[in-house]
Amino acid sequence: RRRSGVPAVRRDVLLPNEVGYTLPLENLNKDATRGVEALITYSKNVGKLNFSVGVNGTFARNRLLFDYKQAFGNSYNEYRTSNQDRWAGYGASFIYKVIGRFQSQGEIDKYPVNIDGQGNRTLLPGDFIYEDFTPDGVINDLDRQPLAFARGENPLLQFGSTVNASYKGFSLALVFAGASMMSFERAVELKILFQNNGTSPHYALEDRWHREDPYDRNSAWVAGTYPAVRRGNSHINYQNNTFWTTNVTYLRLRNIELGYDIPKSLLQKVGAKKIRFYVNATNFITLDNVTKLEIDPEITSGGGLVYPQQKLINFGFNLSF
């Protein structure tokens, strides 16, 4: 799909703040959605067993073909923020690459790259080692690297499957849905401990780098998955990096229903045309790579503070005369 006349504002017309209004949108930009989708269905009858299986998938990306006179301060600024002929979200997805963790204070003292901008004096064992991408011996904004899948965007790859089967009055229907190629970045409560009056995930407190004896600053360090607790959110550990970012992939059994239709020979005795009993479930099983974070794979909230997909189970019957 290729579009022209996408609404945008003329950047080369400047208005002083005193006028009290901004320029209206005009049909200036161009974009395109490119991708492929496929659906394959197989069905067969084997005696009294009837079944069908369908598999579908979609891969699609949006590309801004023309962005009206976007301004840049320098070539690096253009590289980082330009939308011209780029995939959607690209300019907003530059993060630090974590290449390791400091295992001791001695390793920190000898490390040649200035990671925190303060001679590494704020670092502790368990803190992140960022790749010096430039390389110039200092970690700064120039060392951020582009993220493969932009944050806050819809998944590039979506897929699913349907299965239907029936045998002697019994029927089974399953609907699967899944996605991949989308970046979820942990923020606030899922990244910074004691954020918002102490709200913190238990695993980040239980599985963190800490002193063996919290009252003895000379006691040995105990390793963990998460870095040692810091006050506030300004430490270099909390910058956007590959540790806090996950390429979410999931497959969910969106719906499953098992039913049974009473045989017609029995229906005649009660004067009914149809009696069907069923049980169905929604979001019954989910396989994903964010289970350890205790969040739903379909949320977009960086802090995880949204109500997750509900798991529902229903029992019922249909009766007609």
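User: What makes the lining of the largest cavity nonpolar or charged, by class?
Analyst: This is a predicted model. The lining of its largest cavity has 9 nonpolar, no polar and 1 charged residues. Lys counts as charged, and Lys 191 is one of the lining residues. Leu, Ala, Tyr, Pro, Val and Trp count as nonpolar. Among the lining residues are Leu 190, Ala 204, Tyr 226, Pro 227, Val 229 and Trp 244.

User: How many cavities of 30 Å³ or more does a search of the whole structure find?
Analyst: The search finds 1. The largest cavity has a volume of about 60 Å³.

User: Why is the aromatic pair of Phe 128 and Phe 243 called tilted?
Analyst: Their ring centres lie 4.8 Å apart, with 40° between the planes. Pairing needs centres within 6.5 Å, and planes under 30 degrees count as stacked, over 60 as edge-to-face.

User: Why does Phe 128 count as buried?
Analyst: Its relative accessibility is 1%. Buried means under 20%, so Phe 128 qualifies.

User: How do you know that Arg 101 lies over the face of Phe 243?
Analyst: Arg 101 is at 5.4 Å from the ring centre. The rule asks for within 6 Å, and within 35 degrees of the ring normal. Lys 311 likewise lies over the face of Phe 284, at 5.9 Å.

How values were computed
Residues are numbered from 1 along each chain as its sequence is written. This is a predicted model: local features need pLDDT of at least 70, side-chain atom pairs count only at pLDDT 80 or more; totals for chains, interfaces and linings use all residues. Side-chain values use heavy atoms; hydrogens and water are left out. On a 1 Å grid over the protein atoms alone, a cavity is a set of points where a 1.4 Å probe fits but cannot get out, and a pocket is an open set with protein on both sides within 12 Å along at least five of seven lines; lining residues have an atom within 4 Å of a point. Grid points are joined across faces, edges and corners, and a volume is the space filled by probe spheres set on the points. Rings of Phe, Tyr and Trp (its six-membered ring) pair if their centres lie within 6.5 Å; planes under 30 degrees apart count as stacked, over 60 as edge-to-face and the rest as tilted. Buried means under 20% relative accessible area, exposed over 50%, partly exposed in between (1.4 Å probe, protein chains only).
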